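Please read this briefing with the sequence and the structure side by side. The points are grouped by topic.

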Amino acid sequence: MFKKKPTIKNLSPLRSSDRRKIADQIISDYKIEIPTNPPVESSTDDSTPANTTQPTLTSLRNALLPENCLSARFTTTAGPDLREVQGTVYVGTHSDGEERVLWFRIDQGPGADKRLYPTVYTLWHNPKIVPLLYTPELVMCKLRGGADLMTPGLANEPPFPERAVKGAVVAVSSLDRETVPLFVGICEIDVSALGEVQGTKGHAVRGIQWEGDELWAWSPSLRPGVAAPEYIQGWDEEEVSEEAEVGEVEEGVQGLALEAQGQEAGEVQTGEPAEEEAIEDPVIEEKEPTTKDR
């Protein structure tokens, strides 16, 4: 999409109400789980600090669309015919302190659907808001040049993410850095339904933004694009599986403990031998003496 350098007009601040509205639209469109505040437990111990790290709807909005966000109109060209594309970019600052394009929307031209699309900068700070697919590094090099991801280029065996259906926004990472999304695209097919990829043909994901394109490189301060990190916590599938395994182990340990307690209780009830009942000697009835002659 952004092989050509876009023309971005003057940036203007977003009103707080507009920013909240756009953030809520993102949460709805991408079906992001809204955190719920746990009930506050009353405590008389003043030395125990309150837990202020729990995520809230406000913190989720700020993570997706920071308070300092600006917006601007952009124009560029796309496709073999270099057709004009117009839309809106949303620029903001994350923890790295640099203003970057975090989201964009295509309003006119090829692919115009007025849907908000994340850039890799947003995905680096918001793990798992879209499904993540994988491809070998050799294929990723071609994606950085503007190629689409073909179905045989999908790495790892099925099943693929359930949300990777036709028309869904997905991210793609290299097998060399599985936790770092480097490519954002739209599924051209239902990737989740694929049973195998060997011997298949056709496009799987159409690229719309990636590390190294002109939108990634753009900055209001004219600074170069920020290189991707080596590892991002939260995108790692092994973390989820390890947590599940830990949970299963804990449940197993608890089950064994309960079973052991039950056995001990049984030994207390039945382990002591019951006192043997006293065996009484049989009573022999004595006959009265008789005086009759025999």
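The protein has six helices and eleven strands. The model is predicted, with a mean pLDDT of 82 for the protein. Buried residues account for 36% of the 294 residues.

**Confidence**

- A pLDDT of 70 or more is reached by 74% of the residues.
- Over residues 239-249 the pLDDT stays under 50, and the model has four contacts beyond four places in sequence for this stretch.
- Residues 286-294 also have a pLDDT that stays under 50. For residues 286-294 the model has zero contacts beyond four places in sequence.

**Contacts along the chain**

- Take the contacts between residues at least 6 apart in sequence: 64% of them join residues at least 24 apart.

**Helix H2**

- Which residues of helix H2 are buried? In this helix, made of residues 57-64, they are Leu60, Arg61 and Leu64.
- Viewed down the axis of H2, these buried residues fall within an arc of 100 degrees, so they line one face of the helix.
- The buried residues of H2 pack against helix H1 (16-29) and strand S5 (99-108).

**Nonpolar core**

- The largest nonpolar core has 67 residues. The members that touch the most other members are Val89, Trp103, Leu133 and Leu154.
- With neighbours within four places in sequence left aside, Leu154 is in contact with several residues, including Leu133, Tyr134, Leu149 and Phe160.
- Val191, Leu194, Val197 and Ala204 are also among the contacts of Leu154.

**A buried threonine**

- Where is Thr151? Thr151 lies in the loop between strand S8 (149-150) and S9.
- Is Thr151 buried or exposed? Its relative accessibility is 2%, and buried means under 20%, so Thr151 counts as buried.
- Beyond its neighbours within four places in sequence, Thr151 is in contact with Ile189, Leu194, Val197, Thr200, Lys201, Gly202, His203 and Ala204.

**Strand pairing**

- Strand S1 (residues 7-8) runs antiparallel to strand S3 (residues 70-78), and two bridges join them. The bridge partner of Thr7 in S3 is Thr75.
- Strand S2 (residues 12-13) pairs with S3 over two bridges, again in the antiparallel sense. Here Pro13 stands opposite Leu70 in S3.
- How many bridges join S3 to S4? There are nine, and S3 and S4 run antiparallel. Thr75 stands opposite Gln86 in S4.
- S3 and S4 form a hairpin, with four residues between them. Gly79, in the turn, has a positive phi of about 85 degrees.

**Salt bridges**

- Side chains of opposite charge can pair when their charged atoms come close.
- The protein has eleven salt bridges.
- One of them joins the side chains of Glu98 and Arg223, at 3.6 Å from N to O. This pair links distant parts of the chain, 125 residues apart. Glu98 sits in the loop between strand S4 (83-93) and S5, whereas Arg223 sits in the loop between helix H5 (214-217) and helix H6 (237-270).
- Glu98 is buried, with a relative accessible area of 18%. Arg223 has 44% relative accessibility and counts as partly exposed.
- The side chains of Glu230 and Arg177 meet in a salt bridge of 3.7 Å, N to O. This pair also links distant parts of the chain, 53 residues apart. Glu230 is in the loop between H5 and H6, and Arg177 is in the loop between strand S9 (169-174) and strand S10 (181-187).
- Glu230 is exposed, with a relative accessible area of 62%, whereas Arg177 is buried, with a relative accessible area of 17%.
- Asp113 and Arg115 form a salt bridge through their side chains, at 3.6 Å from N to O. Asp113 is partly exposed, with a relative accessible area of 38%. Arg115 counts as partly exposed too, at 24% relative accessibility.
- Which residues are linked in a network of salt bridges? They are Arg73, Arg105 and Asp107.

Key: Residues are numbered from 1 along each chain as its sequence is written. This is a predicted model: local features need pLDDT of at least 70, side-chain atom pairs count only at pLDDT 80 or more; totals for chains, interfaces and linings use all residues. Side-chain values use heavy atoms; hydrogens and water are left out. pLDDT is the predictor's confidence in each residue, from 0 to 100. Contact means heavy atoms within 4.5 Å. Buried means under 20% relative accessible area, exposed over 50%, partly exposed in between (1.4 Å probe, protein chains only). The arc is that of the directions from the helix axis to the C-beta atoms. A nonpolar core is a set of buried Ala, Val, Leu, Ile, Met, Phe, Trp, Tyr and Cys residues joined through side-chain atoms within 4.5 Å. A salt bridge is a side-chain nitrogen of Lys or Arg within 4 Å of a carboxyl oxygen of Asp or Glu. Two strands pair if DSSP finds at least two bridges between them.
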